[in-house]
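Please read the points below beside the sequence and the coordinates, which are shown first. They are arranged from single residues towards the whole chain.

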Amino acid sequence: MNVPLTLLGLLERQSSHGYDLKRDYDTYFSPTKPLLLGQVYSTLGRLARDGKVVVGPAEPGAGPDRKRYVITERGATEVEAWLTEPVEAEQHLQTELFTKVVLALMLGRDASAYLDLQRAAHVARMRALTEIKRQGPLVDKLLADHSMFRLEADLRWIDVTQARLGALAEEVCK
């Protein structure tokens, strides 16, 4: 997730205070892993330093005065460029899951049992995501779909790998 560009995109929609940006970011893009407020303000500081946002005058509020952040033309240009670039496919040619399977084989441990444990963990996570899809708002449902599709791909990989463990062991335990 590109936090600076996401915050810029939110600012292009409307100028905002740091707390409001955090709330919107957490609500729409990362409901299970909220941004720290300090990260929001340090990111806004860097964006201001780089001329992508300007800080408006302080506005009185219930607590300390609040600053409203406004995107600049430079910031809007960067958001436009980012939104028109396709997301690069992740280069998962080496993952922790794969590494654990190979190391288990190399060390004479039960890689099949590890794959069974991983499968059970994925299935449990998919059940939790299914609950989110039943009850959550559309944003959460779409995020849950994305996660479930990745888990389904992992489960297919686990099945294929489990079927090939003998051949893999021969290759990596020479």
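1. A definition comes first: a residue is called buried under 20% relative accessible area, exposed over 50% and partly exposed in between, with a 1.4 Å probe and protein chains only. By that scale histidine 146 is partly exposed, because its relative accessible area is 45%. Histidine 146 is found in helix 7, where helices (H or I, at least four residues) and strands (E, at least two) are DSSP runs, numbered from the N terminus. The C-alpha atoms of histidine 146 and isoleucine 132, which are 14 residues apart along the chain, are separated by 12 Å.

2. On the basis of the numbers, this is a predicted model, in which local features need pLDDT of at least 70 and side-chain atom pairs count only at pLDDT 80 or more, whereas totals for chains, interfaces and linings use all residues. Residues are numbered from 1 along each chain as its sequence is written, and side-chain values use heavy atoms, with hydrogens and water left out.

3. Helix 7 covers residues 138-163 and holds threonine 161, and alanine 163 also has its place in helix 7. Threonine 161 counts as buried because its relative accessibility is 9%, whereas alanine 163 counts as exposed because its value is 70%. Threonine 161 touches Val101 and Leu115, leaving aside residues up to four places away in sequence; contact here means heavy atoms within 4.5 Å. Alanine 163 and glutamate 78 lie 85 residues apart in sequence and 47 Å apart in space, C-alpha to C-alpha.

4. Which residues does leucine 129 touch, not counting those up to four places away in sequence? They are Ala144, Ser147, Met148 and Leu151. Leucine 129 itself belongs to helix 6, which comprises residues 111-135, and it is buried because its relative accessible area is 2%. Its C-alpha atom is separated by 9.0 Å from that of leucine 143, 14 residues apart from it along the chain.

5. Threonine 43 lies in helix 3 and is buried, because its relative accessible area is 3%. Not counting residues up to four places away in sequence, threonine 43 touches Val3, Pro4 and Leu7.

6. Threonine 95 and arginine 109 are 14 residues apart in sequence, and their C-alpha atoms are 19 Å apart in space.

7. Helix 2 (residues 18-28) has the buried residues Gly18, Asp20, Leu21, Lys22, Asp24, Tyr25 and Asp26. The buried residues of helix 2 pack against helix 1 (3-13), strand 1 (16-17), helix 3 (37-49) and strand 3 (66-71).

8. Aromatic pairing also deserves a look. Rings of Phe, Tyr and Trp (its six-membered ring) pair if their centres lie within 6.5 Å, and planes under 30 degrees apart count as stacked, over 60 as edge-to-face and the rest as tilted. A search of the whole structure finds three such pairs, and ring pairs link Tyr25, Tyr28 and Phe29 into a cluster.

9. As to the overall layout, the protein has eight helices and three strands, and from the N terminus on its elements run α-β-α-α-β-β-α-α-α-α-α. The radius of gyration of the protein is 22 Å, well over the 16 Å that the globule rule gives for 174 residues, so the protein is more spread out than a compact globule. That radius is taken over C-alpha atoms, and the globule rule is 2.2 Å times the number of residues to the power 0.38. Along its principal axes the C-alpha trace spans about 65 × 35 × 30 Å.

10. Of the 174 residues in the protein, 30% are buried, and among contacts with a separation of 6 or more, 55% are between residues 24 or more positions apart. The accessible surface comes to about 11,500 Å², of which 57% belongs to carbon and sulfur atoms; areas come from the Shrake-Rupley method with a 1.4 Å probe, and for residues only the protein chains shown count as cover.
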